[in-house]
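Keep the sequence beside the 3D view while reading.

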Amino acid sequence: ELKNRLISSQLFKSKDLIMDHFKNDIIAKMRKAKPRNSRYRVPNVTVNRNTIFNNKHDGKVDTKCEWTTFACILRQLKSSNYETLINAQSIQDQCWKTKFVGEQGIDAGGLFKETLSNIVDEVMSDVLPLFI
(Lines give C-alpha, C1' and ligand atoms only; values in the text may rest on other atoms or scores of the structure.)
Protein backbone atom coordinates (compact mmCIF):
# COMPACT_ATOMS: atom_id res chain seq x y z
CA GLU A 1 0.00 0.00 0.00
CA LEU A 2 2.84 2.39 0.85
CA LYS A 3 4.51 1.57 -2.45
CA ASN A 4 1.27 2.38 -4.33
CA ARG A 5 1.01 5.74 -2.56
CA LEU A 6 4.58 6.58 -3.50
CA ILE A 7 3.96 5.70 -7.15
CA SER A 8 0.73 7.67 -7.30
CA SER A 9 2.43 10.61 -5.59
CA GLN A 10 5.23 10.58 -8.17
CA LEU A 11 2.74 10.34 -11.04
CA PHE A 12 0.77 13.26 -9.63
CA LYS A 13 3.92 15.37 -9.38
CA SER A 14 4.86 14.61 -12.99
CA LYS A 15 1.39 15.12 -14.50
CA ASP A 16 2.30 18.56 -15.89
CA LEU A 17 5.25 17.09 -17.78
CA ILE A 18 3.13 14.23 -19.09
CA MET A 19 0.28 16.53 -20.14
CA ASP A 20 2.70 18.96 -21.85
CA HIS A 21 4.12 16.07 -23.84
CA PHE A 22 0.66 14.96 -25.02
CA LYS A 23 -0.48 18.53 -25.70
CA ASN A 24 2.61 19.33 -27.78
CA ASP A 25 2.22 16.06 -29.67
CA ILE A 26 -1.41 16.89 -30.54
CA ILE A 27 -0.51 20.41 -31.66
CA ALA A 28 2.31 19.08 -33.87
CA LYS A 29 -0.05 16.56 -35.48
CA MET A 30 -2.64 19.28 -36.14
CA ARG A 31 -0.03 21.50 -37.80
CA LYS A 32 1.13 18.66 -40.03
CA ALA A 33 -2.46 17.78 -40.98
CA LYS A 34 -3.24 21.34 -42.05
CA PRO A 35 -0.67 22.62 -44.52
CA ARG A 36 0.40 26.22 -44.01
CA ASN A 37 -1.17 28.48 -46.58
CA SER A 38 1.66 30.07 -48.56
CA ARG A 39 -0.62 32.95 -49.58
CA TYR A 40 -1.50 33.63 -45.96
CA ARG A 41 -1.80 37.32 -45.07
CA VAL A 42 -1.65 38.80 -41.58
CA PRO A 43 -4.98 40.58 -41.00
CA ASN A 44 -5.31 44.20 -39.90
CA VAL A 45 -7.12 44.78 -36.61
CA THR A 46 -8.50 48.14 -35.46
CA VAL A 47 -8.76 48.98 -31.77
CA ASN A 48 -10.41 52.11 -30.36
CA ARG A 49 -8.38 52.73 -27.21
CA ASN A 50 -10.34 55.89 -26.34
CA THR A 51 -13.60 53.95 -26.02
CA ILE A 52 -11.88 51.20 -24.05
CA PHE A 53 -10.21 53.70 -21.71
CA ASN A 54 -13.45 55.64 -21.13
CA ASN A 55 -15.40 52.46 -20.36
CA LYS A 56 -12.72 51.28 -17.92
CA HIS A 57 -12.54 54.73 -16.33
CA ASP A 58 -16.34 54.75 -15.86
CA GLY A 59 -16.06 51.44 -14.01
CA LYS A 60 -17.85 49.38 -16.66
CA VAL A 61 -17.41 45.63 -16.84
CA ASP A 62 -17.48 43.89 -20.23
CA THR A 63 -19.69 40.92 -19.28
CA LYS A 64 -20.76 40.37 -22.90
CA CYS A 65 -17.26 40.64 -24.39
CA GLU A 66 -18.15 43.67 -26.54
CA TRP A 67 -15.74 46.57 -26.02
CA THR A 68 -12.45 45.45 -24.44
CA THR A 69 -9.25 45.01 -26.43
CA PHE A 70 -9.77 41.26 -26.15
CA ALA A 71 -13.29 41.56 -27.59
CA CYS A 72 -12.17 43.79 -30.47
CA ILE A 73 -9.37 41.43 -31.47
CA LEU A 74 -11.50 38.31 -31.06
CA ARG A 75 -14.36 39.72 -33.15
CA GLN A 76 -12.06 40.75 -35.99
CA LEU A 77 -10.07 37.51 -36.02
CA LYS A 78 -13.30 35.52 -36.01
CA SER A 79 -14.15 36.95 -39.42
CA SER A 80 -10.99 35.28 -40.78
CA ASN A 81 -11.89 31.94 -39.11
CA TYR A 82 -8.92 32.37 -36.75
CA GLU A 83 -6.60 31.38 -39.60
CA THR A 84 -4.00 33.79 -38.25
CA LEU A 85 -3.79 31.85 -34.98
CA ILE A 86 -3.81 28.45 -36.68
CA ASN A 87 -0.96 29.43 -39.01
CA ALA A 88 1.23 30.88 -36.25
CA GLN A 89 4.32 28.73 -35.96
CA SER A 90 5.48 30.08 -32.60
CA ILE A 91 4.49 32.49 -29.86
CA GLN A 92 6.76 35.11 -31.45
CA ASP A 93 4.75 35.19 -34.70
CA GLN A 94 2.78 38.38 -35.21
CA CYS A 95 -0.78 37.13 -35.64
CA TRP A 96 -2.27 40.48 -36.67
CA LYS A 97 -1.30 44.06 -37.43
CA THR A 98 -2.78 46.63 -35.06
CA LYS A 99 -4.17 50.05 -35.92
CA PHE A 100 -5.31 52.30 -33.09
CA VAL A 101 -8.23 54.57 -34.04
CA GLY A 102 -7.20 58.24 -34.08
CA GLU A 103 -3.51 57.45 -33.56
CA GLN A 104 -0.61 57.24 -35.94
CA GLY A 105 1.66 54.26 -36.00
CA ILE A 106 2.87 51.49 -38.25
CA ASP A 107 2.79 48.06 -36.67
CA ALA A 108 6.22 46.51 -37.04
CA GLY A 109 5.60 44.43 -33.94
CA GLY A 110 5.34 47.02 -31.17
CA LEU A 111 1.62 47.77 -31.52
CA PHE A 112 0.89 44.04 -31.69
CA LYS A 113 2.83 43.47 -28.45
CA GLU A 114 0.97 46.37 -26.85
CA THR A 115 -2.39 44.79 -27.70
CA LEU A 116 -1.20 41.51 -26.17
CA SER A 117 -0.18 43.40 -23.04
CA ASN A 118 -3.59 45.12 -22.91
CA ILE A 119 -5.37 41.78 -23.31
CA VAL A 120 -3.38 40.25 -20.44
CA ASP A 121 -4.15 43.28 -18.25
CA GLU A 122 -7.87 42.95 -19.03
CA VAL A 123 -7.96 39.23 -18.34
CA MET A 124 -6.20 39.74 -15.01
CA SER A 125 -8.54 42.58 -13.96
CA ASP A 126 -12.24 42.80 -13.12
CA VAL A 127 -12.98 44.53 -16.44
CA LEU A 128 -13.25 41.26 -18.35
CA PRO A 129 -14.70 38.50 -16.15
CA LEU A 130 -13.68 35.45 -18.17
CA PHE A 131 -12.75 33.40 -15.14
CA ILE A 132 -14.66 32.68 -11.97
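Glu103 is partly exposed, with a relative accessible area of 26%. The model is a predicted one, and in it Glu103 forms a salt bridge with Arg49, where the closest N and O atoms are 2.6 Å apart. Glu103 sits in the loop between strand 2 and helix 6 while Arg49 sits in helix 3, so this pair ties together parts that are 54 residues apart in sequence. Arg49 is also partly exposed, because its relative accessibility is 23%, which falls between the 20% limit for buried and the 50% limit for exposed.

Arg49 has another partner. A salt bridge joins Arg49 to Glu114, with 2.2 Å between the closest N and O atoms. Arg49 belongs to helix 3 and Glu114 to helix 6, so the pair ties together parts 65 residues apart in sequence. Glu114, at 30% relative accessibility, counts as partly exposed.

How many salt bridges does the model contain? The count comes to three. One of them is between the side chains of Lys56 and Glu122, at 3.5 Å from N to O. This pair links distant parts of the chain, since Lys56 is in helix 3 and Glu122 in helix 6, 66 residues apart. Lys56 is partly exposed, at 33% relative accessible area, whereas Glu122 is buried, at 0%. Through shared partners, salt bridges join Arg49, Glu103 and Glu114 into one network. As a general point, side chains of opposite charge can pair when their charged atoms come close.

Now turn to helix 4, residues 69–78. Which of its residues are buried? They are Thr69, Ala71, Cys72, Ile73 and Leu77. The cover over these buried residues includes strand 1 (44–47), helix 3 (49–57), helix 5 (83–86) and helix 6 (110–124). Thr69 counts as buried because its relative accessibility is 3%. Leaving aside neighbours within four places in sequence, Thr69 is in contact with Val47, Ile52, Thr115, Asn118, Ile119 and Glu122.

Is Trp96 buried or exposed? Its relative accessibility is 5%, so Trp96 counts as buried. Beyond its neighbours within four places in sequence, the contacts of Trp96 include Ile73 and Leu77, which are among the buried residues of helix 4. Thr115 and Ile119 are also among the contacts of Trp96, and both touch Thr69 too. The side chain of Trp96 makes a polar contact with the side chain of Thr98, at 3.2 Å. Trp96 and Arg41 are 55 residues apart in sequence and 9.0 Å apart in space, from C-alpha to C-alpha.

How values were computed. Residues are numbered from 1 along each chain as its sequence is written. This is a predicted model: local features need pLDDT of at least 70, side-chain atom pairs count only at pLDDT 80 or more; totals for chains, interfaces and linings use all residues. Side-chain values use heavy atoms; hydrogens and water are left out. Buried means under 20% relative accessible area, exposed over 50%, partly exposed in between (1.4 Å probe, protein chains only). Helices (H or I, at least four residues) and strands (E, at least two) are DSSP runs, numbered from the N terminus. Contact means heavy atoms within 4.5 Å. A polar contact is a pair of N or O atoms within 3.5 Å; within protein, one must be able to donate a hydrogen and the other to accept it, and residues adjacent in sequence count only if both atoms are side-chain atoms. A salt bridge is a side-chain nitrogen of Lys or Arg within 4 Å of a carboxyl oxygen of Asp or Glu.
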